[in-house]
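I opened the notebook to log side-chain contacts.

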Amino acid sequence: MEHTLFSLLLLLSTHIYSGHSDDDDGPAKAVLTKQPKSSQIFSGESVTLRCNIQRGEVTDWKYTWRKDGVDFLSRKHEYEISEVKTSDSGDYRCLGTHVDQKKHSKWSDIVRLTVTALPETTLTVYLNPAYTGETVTLTCSVGSGWSYKWYKDNTKKVVTLSGRHTTTGTNFTIRRAADSDQGFYWCQGEIQSRSISSIISDPVTITVKALPKATLNITPNPAYTGETVTLTCSVGSDSGWSYKWYKGNAKKVVTLSGRHSTTGATFTISRATESDQGLYWCQGEIQSRSISSIISDPVTITVKERPAAVLTLQPNWPQIFSGETVTLRCDIQGGEEIDYAFYNSGMSVSTKTEPEYRISPAKNGLYTCEGLQKRNGLKHSQTSNVIQLTVLDQPQAVLSVSPQWLNPGDSVTLSCGFKESSTGWRIFWYRTVPYTAGLLSLSDRSYSVEPLSGKGTSEDSYTLIPAGSSHTGGYVCRAGRGDPVYDTLYSKPQFLWSGEPQPSVSLKMRPNRTQHFTSKSLSLSCEEKRNSTGWKLKRYREKAVESGCDSNWGSIAGSTCTIRSTCKKDSGVYWCESGSGEYSNAVNITVAVGPLILESPAYPITEGDSVTLRCTNRYQETNPNPKVDFYKDGVLIRNETTGEMTIPAVSKSDEGFYKCTFNEEESPKSWVRVRGVTPGPSTSVPVGVVVGLVVAGVLLTILLVLLCRYKNAKDSCCNRTFSLPQPQSTNQQDHESTQGRAPDPGYTHLQHDAGAAAAGPSDVMYAQIQLKELDKKNKKMPADPKENPVYSEVKTGKTTA
């Protein structure tokens, strides 16, 4: 209220004064000035407002100040604000009032006071971090009209300028930066004429690092001819580096070519050769800053041929069979630590540290190997040779028995082989017996086997010396090799006849031939010549010896066993055997499934005798087949239109396998055995021995004749013919010779396509001749030998049933 009243009075007095002045032209005008005169005043500065009245002395006036329309009194003509604040900003005017209160000046013009806060300072650094020797520039920014102060470290000491340190305007420059230039830096702007400073900048840390040393890495090294080699240069974590590459002691810059290229930090050598060997360096540079790293240490590149890899198979058998275990070994020279990779047809099957790869069971394939570098898995060696592994089916042993039909006291050799060429086997020998639980047996339990030798033999033959009657029966072999032991299949059983025929009994069969059609009747009987008992019919059929004529064979009536309807399984060797181990002759019977059979002698033929072979058709048994081909040991020897083939005088060379063919049909094979003539005495034999043999023969003949007449049985013992054992027939390949030995029994009659043979007591030809002469004298037998049935039987090999 008082302030308002004062203002009104001041205005009134001014008006009165200005309107009634008689001495001058009008009221004086106040002039307001500001110091400093700058339009931008910063907080904290001292500001002085001065009000000058043009008339009178300063002391003659009282001063009124007005800010933003608000008056306040002050006797002083100066209004000083020692530390101006932004709140002091505004429009200022002043007015003078004369001390006598009779006159007033005019109001001054408005003077605007603008107060701003002190500016903040911004410090920037170019090249930070910097490398030793580089130029580092610090720039301070406040605004125009400012000068700058520079501080370093926590104490904010003003930077001392030197030859390497200079300032220009807003910049502070550090040349040839050194480790001592590292630290905290600040800057601050100042206006010295007004004694003001900007707010000091935030600190900036300058880092000066030693020039980095380039690091050179080469992969792979050593390298192999044709490989790609990559050189990589590294200069720390900073970006912006480019690279130079040098080679050789002279450190010549590498010349790029078609095989040499650079990308970023890598230098690539394609298809390396020996010319690429040598010392290599690298160096980084930043061209925009004109600096280079310390050059790398040299690295020697070695380029060499890959070592050879040699793949071998262990065991190195020519044939590998299904289920066997084999090992592939990869040998690589050099002695370096590598891994071994094995491949089958190019596909990896194993990678391991050992050079051996075990395959169990063996598998077909094309196998190779190579070495791999441990550190990176890259190829180390050349690819090895290829081993083709062809796995065959499990082999079956093939057993042969020679001779297969023995005379008393003979030794026999069992031989075990294979159709495929193979090595490394140990042979095991067995005798077949009927299936017995607890013994080694075939998987189908068709029969069991008893070992002849526990540990087997390394040789492929086994000899029975001498072979006795107890050895008659079937035999098999098989072989084993490797670790673990791998066994072949058992061989097919082979029959061995070692019985010594006794004159007291003989085996008779009706019809009297070795080959028979199926579905026919066949009778066999053990016919005794004297009071001998206990004879039993036996047979070896397929795998083992069977005894007696049970329901599986046929029917028994007295001493005769009748097979009413023959079938293929009835093929086999038949003989008579006593309880004390005596044997009759043996007959090898073949039951043919096909339409043809070959009628041949069931007993051996004596050299010089005539023999007729007849080809018989199942559907025309009464009429022989016309135009029949006859074969011996697989070779065509005759073509007959009568269906018969006669050999007028047989020799040892005629012995062998015979068969006949007609209209693309063929008979089974039959073994025809030729018995040599008993040789006469030689000059080396003592005369007494010769005379004794002749006398004994004559006495034996007379005894037999008397016995026959006494019994009045011309057609019993005297009409029976006895023959030596005949070898078992086989289905051996037709071209293989069987002259003088039993053929390879790997293909015997046990496969149901064999021929026939017979056995009997020793030759009594000499006795028969003596009988013929005696009968001629007594006129009991015809003088013509051809009319003598005994003679005929001996010559043709037939018997009278």
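I started with Lys-538 and Glu-577, whose side chains meet in a salt bridge at 3.4 Å, N to O. I took a salt bridge as a side-chain nitrogen of Lys or Arg within 4 Å of a carboxyl oxygen of Asp or Glu. Lys-538 sits in strand 53 (residues 536-541) and Glu-577 in strand 57 (residues 572-577), so I logged a link between distant parts of the chain, 39 residues apart. Strands here are DSSP runs of E, at least two residues, numbered from the N terminus.

This is a predicted model: local features need pLDDT of at least 70, side-chain atom pairs count only at pLDDT 80 or more, and totals for chains, interfaces and linings use all residues. Residues are numbered from 1 along each chain as its sequence is written, and side-chain values use heavy atoms, with hydrogens and water left out.

Are the two partners buried or exposed? Lys-538 is buried, with a relative accessible area of 17%. Glu-577 is buried too, at 13%. My cut-offs were under 20% relative accessible area for buried, over 50% for exposed and partly exposed in between (1.4 Å probe, protein chains only).

I then looked up Glu-644, which forms a salt bridge with Arg-614, the closest N and O atoms being 2.5 Å apart. This pair links distant parts of the chain: Glu-644 is in strand 64 (residues 644-647), Arg-614 in strand 61 (residues 611-617), 30 residues apart. Glu-644 counts as partly exposed at 26%. Arg-614 is partly exposed at 23%. Shared partners join Arg-513, Glu-599, Arg-614 and Glu-644 into one network of salt bridges.

How many salt bridges does a search of the whole structure find? I noted 29.

Next, the rings. I found 22 aromatic pairs in the structure. Rings of Phe, Tyr and Trp (its six-membered ring) pair if their centres lie within 6.5 Å; planes under 30 degrees apart count as stacked, over 60 as edge-to-face and the rest as tilted. Phe-342 and Tyr-357 have ring centres 5.5 Å apart and planes at 35 degrees, so I logged the pair as tilted. Phe-342 is buried at 0% relative accessibility, and Tyr-357 is buried at 16%. I also noted one aromatic cluster of Phe-495, Trp-497, Tyr-540, Trp-575 and Tyr-583.

Last entry: charges over rings. Arg-66 lies over the face of Trp-107, 3.9 Å from the ring centre. I required NZ of Lys or CZ of Arg within 6 Å of the ring centre and within 35 degrees of the ring normal.

Note on methods. Helices (H or I, at least four residues) and strands (E, at least two) are DSSP runs, numbered from the N terminus.
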